[in-house]
Amino acid sequence: MANRLRITIVGGILLSIVGSIGYIYSSRVIDELKDGIYLQTVRKLSSNFEKSIETKKKELAVATAIMAQSSSQNGDRVSLSLKKYSLFENIKFSYLPKRTAKPSKSIQSTIAFYKDRPYITITALAPVYNAKGKYISNLVARADFDAFAFHFDAKGYSVIAMVNKNKSRYFSNPFYFSNLIETINILPRKKMANLDRYVVDEKSGLLLSAFELKNIDSVGKVKIILAKNLRDIDLSSVDKEIEKIVLIAVLLFLLLMLLLYKVFITNYSKSVADYYEELLEDLAEKDLEIQRQADVIKFIAMNDPLTGLDNKVSLVNKLDNIISNAKINEYQVGIVFLDLDKFKKINDVYGHDIGDLLLRKVADRLKECIHKNDIVARISGDEFVVVETSMTDYSNANLIEKIIFIMKKPFYIKNKDIHITFSIGRSILGQDGNDVDSLLKNAETAMYISKDKGSNNYVTYDASMGKMSQKRVELDKNIRSALKNQELVPYYQPKINALTNEVVGLEALIRWRDAKKGIIYPGEFIPFCEESDLIIDIDRYMLIHSMRQLSMWHKEGVKTGKVSVNVSTKKLEKGDFVTELKQILLSENFDPAYLEVEILESQVMNNPKRSIEILKQVRELGVSIAIDDFGTGYSSLSYLKELPVDKIKIDRSFIIDLPYNKDAVSIVRTIIALAKNLHLEIIAEGVETKEQLDFLIEEGCVNIQGYYFSKPLSAMICKDFLLSKNDKR
């Protein structure tokens, strides 16, 4: 393809060069031919003009001589005869006084012109004798130049005399040749200078040349302009030459095209052969590349891209074959389901890059624990499955103990020692299931049971666990139904200023109003929701319903203060939380000044930098932020001073032992002092006794939440409570 393109380009260039050379050559040849014809024409013009002048001079001299010898009676008759039969009209005869004693022996004739005006004549001179033969005077005959010009024009030539006087142009008898005069007048100086040779004036269609005449005493010159119509010039020889050149050019072009075609065909044949060979090589390479890509796709489809272990699809396929062979050959298969504890916290604290490196190293250690025919697979983010293909009760337990032991050694990643633990469940073929789905499902169920027992434990599945798993499924289904049917309702616990007895705000707390069981408290379902993504939907649900309730109270003139709504870590870290919150505020037409978001301190410290970034955006919406369970999350003061919070809540675990527990007293005093130094509002939750209240007021914490003033109330009862407080004011 490239060769054909090169040949085409080179051929085009050659054709252009040959065409250009041919054009230049033919133009030069044609110009030279025309130049020769034009030179020949102007030479002929000059020659004819010069011959005509000489002939007419002689004719005029003869006529003058005849007239001089005629008697005066015959003078008029001779003059008329000369005018009639001579080519010169307007011949004027005159007698001059005798100038010399002896007349000139020869008859003289010349061309003369007058310097004072542009008038040219042809003149002849002859002596006159009387009847006795005595010389008495000279006879002068003058013929106007225009008569000769008309005669010359009849032969197909135009002629005009031009006299230069004081660098100006004067023309003899311009009346008859106005078109020619106009043409000469508009010619540039350079073209006028070339009149001595010739000038082609395309506009007027004339070939112009010049002929100089001298007067009788050779003083002064007159330029005779000779012109011939271009249409009257025979250029047939030029046309024949053009035809010849065109024929030669066509033949050369065809020859060159034939040559290029021959080169093209030869090269094309070679190119086709080369291309075919390259195509075969490319096809072979493509086949190899496709095979490599197919292997890569197959690997990606069947393997975990991070660790290189089998993925869930590969595990299911292999395990299905293993189960079939085990049933035929009657040997046991063990399924070990492992979940890395608190892996999310590792990602939050150290970052996802370290989390990924940790998973790779965990995979490497798991491969060290198994036998040749066993399988290790990663089936989700932090979940692994080990399949022991030929197990005994002893070997399976030994495998699990080996895994726990080898994983206790810390992982050294990027200058950090990271300790991990696993929650492990196992199932056995035949005993806990006879197919892939049941074995994996039951091993996972056992893993969840082991998670409740603490880290680095393992549990073997038994039938009773199936009921627990079923309960989790039922709970998930019922919570989703409760969200859909709006069975989840906010209860509101008032926040009181203990000095003024004024309501300064409310906290929205969720309750599940079940048709069969009645009120279900959050402790029975929120932990499960936090393990799954249900907590995200619940947080949105509480935000919307709390805003709607406050908007309704405000329209009724009920004073509420701010409403606090708890937001989970999953909700906070959801990429679109701030956008979603803004959208809810707009759709509910809710004043953000009446909304307070409560975040657990422990949740904030999982990823403080990210939390600070998100909370700043929340604050920009005009929403207040409170840190819940303060004192239990081990906050770093360096982060605490950067957190965009308005309020901290003293956790109820520190309030319970007030004012009798010294440690509790010290902690509460420190938290109150810290809040004052950071210019933050402070509130104590879980206040239930007069002693607790008095201590807090004395220490400077006057905003109180707890059963001492009120338990969480339904919307209807809370409204009455708020109205009663408003009335007392």
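This briefing covers aromatic ring pairs and charges placed over rings. The model is predicted: local features need pLDDT of at least 70, side-chain atom pairs count only at pLDDT 80 or more, and totals for chains, interfaces and linings use all residues. Residues are numbered from 1 along each chain as its sequence is written, and side-chain values use heavy atoms, leaving out hydrogens and water.

**Aromatic pairs**

- Rings of Phe, Tyr and Trp (its six-membered ring) pair if their centres lie within 6.5 Å; planes under 30 degrees apart are stacked, over 60 edge-to-face, the rest tilted.
- The count is three aromatic pairs.
- Helices (H or I, at least four residues) and strands (E, at least two) are DSSP runs, numbered from the N terminus.
- Tyrosine 38 is buried at 9% relative accessible area, and tyrosine 198 is buried at 14%.
- Buried means under 20% relative accessible area, exposed over 50%, partly exposed in between (1.4 Å probe, protein chains only).
- Tyrosine 492 and tryptophan 553 also pair edge-to-face, at 5.4 Å and 65°.
- Tyrosine 492 lies in strand β17 (residues 488–497) and tryptophan 553 in helix α14 (residues 534–555), 61 residues apart.
- Both tyrosine 492 and tryptophan 553 are buried.

**Charges over rings**

- A charge sits over a ring if NZ of Lys or CZ of Arg is within 6 Å of the ring centre and within 35 degrees of the ring normal.
- Arginine 365 places its charged end over the ring of phenylalanine 411, 3.6 Å from the centre.
- Arginine 511 lies over the face of tyrosine 491, 5.6 Å from the ring centre.
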